[in-house]
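Please work through the exercises below with the sequence and the model open beside you, and try each task before reading its solution.

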Amino acid sequence: MIDLNTPIYDKIRVWISNARENEKKEWEDIRHPESFVKEKLEDFLKNQTRMNFWPSITPEQWIELVNQEETAERESIEISKNNGYAMIQMDGEENDARISSDPYSSWQLYRKRLISNGFKEQTVEEIKNASFKILKKLSSDTTHMKPIRGMVVGNVQSGKTANMAALMAMAADNGYNMFIVLSGTIENLRKQTQERLWNDLNHDGNIKWKGLNHLSRRSLWGERATDCNFTSNSERFFTVCLKNASRLKDLIQWLQVDPKKQAQMKILVIDDEADQAGINTADVNSGERKTINKLITNLVNGKDYKSKTISAKYKAMNYIGYTATPYANILNECKEDSLYPFNFITTLAVSKEYFGPQQIFGVDETDDNGEEYMGLDIVNIINESDLELIKGIHNDEVFTLPSTLKDAICWFMCGVACLRYIDYKKPISMLIHTSQKTEHHNNIAKLVMDWIKESSKEDLIEYCKKIWKIQTERMPLEKFLRQYPDYDRRYELKDYPEFNNILPYLEDLLKHEITNIKLDEDNELVYHNGLHLCVDNCKNNGISDEGMYVRLAYPDKDKMPEVAPAFIVIGGATLSRGLTIEGLISTYFLRSVGQADTLMQMGRWFGYRKGYELIPRIWITYKANEQFKFLSKLDYELRNEISEMSKLGKTPAEYAPRVRNTPKVSFIRITAKNKMQSVIKAELDYSGMYYQTYKFDKDEKILRNNINIVESFIRKLGNCEAHKEENKHAKNALVWKNVKFDVIKQMLLDYKFDSRLVVLNNIDVLISWVENETKKNNLDNWNVIVAGKNNDTNGVWKISNTDFKVNKVKRTRIKENNELDSQVNIGVLRDPKDIIADVDLTNATQDLKDMVDSFKADKAKEIRNQAGLEATPQVIIYMIDKDSKYVKPTNNTSNSESKKERDDLGVNEDIVGLCINIPGVKKGKDGVARISIKLENINNYKGDLEDIDED
């Protein structure tokens, strides 16, 4: 049987892709192409084999191959939905760009390179789809219109370069001829990007790429703009330029030195890490700009480096900012000549091989199906006493390593031994980031080196054995599979080896002395089988007094040692953005940062971990852990909002992405104040959100008092709604409707919320917000639901001094690392179906009845809207049985409990829990303010010199 998945059939797949995307053919027409190729299928295949050198293929195999491609497209669309690909865009026609099917085109050659480098077909398909949708929004002629400005929201450490190179390749095939990549502020990283793009794009094909370096009026012959043939069909030019004042000035002068050449340039500017360096931090109301921002805006708007308008025009100017943390870009300014993404904002899909904030830290919420985004159990909390020791080390007052740092180092040693055991051949790293001060780095480095040198080999091995046992038992393979059930390489994963198997490799690691990187007589770097200690910061020039290289330097790929080299990297600001830490398996991260975008970029542990997925571990402070959880939610919400606006067909002219100003924002700023000067100031916004008590204090007095408070509240409500036969979906619930908030208010004030519930612990702020929105007629009176299980296997809650009773529910406890004995976390309180318990079907439409009958959680909001409850808030009350027992789910369960290790509830008193459901504001109302940019200037933006309809 012939395997149709082999590369020999790539040429046929390209033909199918071209027919589908460029010629807009339906799948049935492609399966039977005689309708548009005027040949019967069998003759068509024979002619393609003879004339276009297709491999021989039968009609049956053809149909099977087409079916495979149709399935791949459908799965790709589904992946885009699930993984966050979305675009909001300005109205107007797309260009006529196409994906070339020529095997020697720039895109097809780059596609083959991706696959040869280990990218899966599905991943390449996602890159192709995302890049093509961006390409369709560019313009090859902006001489009579504003430059195109867009933004691509990627992911931290997710390999944005692959997406940028794909876009460049496709654009080159479609006639764009000058590519400018703006890349950070560090020359070494700029050089890496230039070399990477050259290797990715320059192949023997239809297009010859020429990389240009350090462009200026003084460029050598052959690299001057005058020497470049921009009218050629076979030549394309690119440069990677630092976001540095002198480099940008030189670049602008190079571009504008020859007006005739300038008129031939079809330019694509890609601003990598667009939130870095190029944001205008000057007073945006003063008309002033910071130097870097001014130069980039001059570049894009066709002005000279002194901001003067010149008569010559580029044939086309397109600017796209790529960033994983877009908060500054969408909150800074949106003046006519700014870099605000007027034309489109798009998010890149999240690969199922990617370890990002949601995968590692989870999301401190549940989705519409009640599923928990729990995150991987790889985070270790640095205790307070160890934090004090680190401070003492920084201040030269303490000379002992804290136990958590020793744990992290020994885990790293175990990880190195493990990866060498499985014959891993790339660099392996540990990151220690405790401070941005360079003198602190030296103190930490000295103690790390001294501890390893002064400890006996036997003691270190015994310590490693203990840590290996603790960490592998805590995060076994089956647990990883439960917590990351969608991981795309799950069937390639291998379990941890036994400690005795890695012991010889550990012994070999420790028999070599820990050193900096050695230099030979020719100043070439020399690597050994032991640990290399690197101190990487801006003050370190690289060479120590002993003639060793101190900064981080990995071996060149073609000079990789026989044994995977190991590096302990200590540093600060140089590690926070841009620099890739290869094979990162152990991170000791002490700092907590006040800005969301800065902290997210410091997560060097995000990325791809092919071949060592089970090994990475993180040691961070409790505060940093909570901040990263919050950032995970912030990132998740922003992507969802862009996705929702995409579905509604919103354009950047009428929609500025909003960053919800929840009470948690005080916990960490979104970005620097001078980077979000144009935001509309907002009060705290609770609309459209669920808040539930999923963490509880185990103290019996507190639990009992909460029960008394809630029962007293229920008694004040009077008689509940009589149950109607039509409302079978609410048969296990008690419902009160049209309850004034004043009645609910006192119960919320008296209820004792667990200290870890940040929002509900500020209940007085939420109450003030509700009262204000109620006065503005944005919220109706409330409905109260006491929800129960459909059977009494967990007992019955008989509400004291009433005739009301409801079945208790079962909830189990999540096993948390470093959990407090006095607290319990159940993860999820609410059952999604209880959200519609107050929906009355007596006079409902058949459509509404059908939706309720076949209830799906993602339809809950639509059901409530159809039932006229779109502005009705709810309090849903549950009584949790104190004797709730955990029953381990079967392997094929899809229940959310399978994603996190659980145990019996373990409390001595029943727990009464609350779920507060606050809807979005009524239709037609302005609603509450959220953090977003002022839109008045956007509505004056003329993309094609025509007025934008503000409605």
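**Exercises on charged pairs and cysteines**

Asp141 counts as partly exposed, at 33% relative accessibility, in a model that is predicted.

**Exercise 1.** Find which residue forms a salt bridge with Asp141, and where the two partners lie.

Solution. Begin with the closest N and O atoms, which are 3.2 Å apart for Asp141 and Lys315 and so fall within the 4 Å that a salt bridge requires. Asp141 sits in the loop between helix H7 and strand S2, while Lys315 sits in the loop between helix H12 and strand S7, so that the pair links distant parts of the chain, 174 residues apart. Finally, Lys315 is partly exposed, with a relative accessibility of 28%.

**Exercise 2.** Decide whether Glu70 and Arg31 are buried or partly exposed, and describe how they are linked.

Solution. Glu70 has a relative accessibility of 22% and counts as partly exposed, whereas Arg31, at 11%, is buried because its value is under 20%. The two form a salt bridge whose closest N and O atoms are 2.8 Å apart, and this pair joins helix H5, which holds Glu70, to helix H2, which holds Arg31.

**Exercise 3.** State how many disulfides and how many salt bridges the whole structure contains.

Solution. A search of the whole structure gives 0 disulfides, while the salt bridges number 37. Turning to individual cysteines, Cys241 is buried at 6% relative accessible area, and Cys534 is buried at 0% relative accessibility.

Key. Residues are numbered from 1 along each chain as its sequence is written. This is a predicted model: local features need pLDDT of at least 70, side-chain atom pairs count only at pLDDT 80 or more; totals for chains, interfaces and linings use all residues. Side-chain values use heavy atoms; hydrogens and water are left out. A disulfide is a pair of cysteine sulfur atoms within 2.5 Å. Buried means under 20% relative accessible area, exposed over 50%, partly exposed in between (1.4 Å probe, protein chains only). A salt bridge is a side-chain nitrogen of Lys or Arg within 4 Å of a carboxyl oxygen of Asp or Glu. Helices (H or I, at least four residues) and strands (E, at least two) are DSSP runs, numbered from the N terminus.
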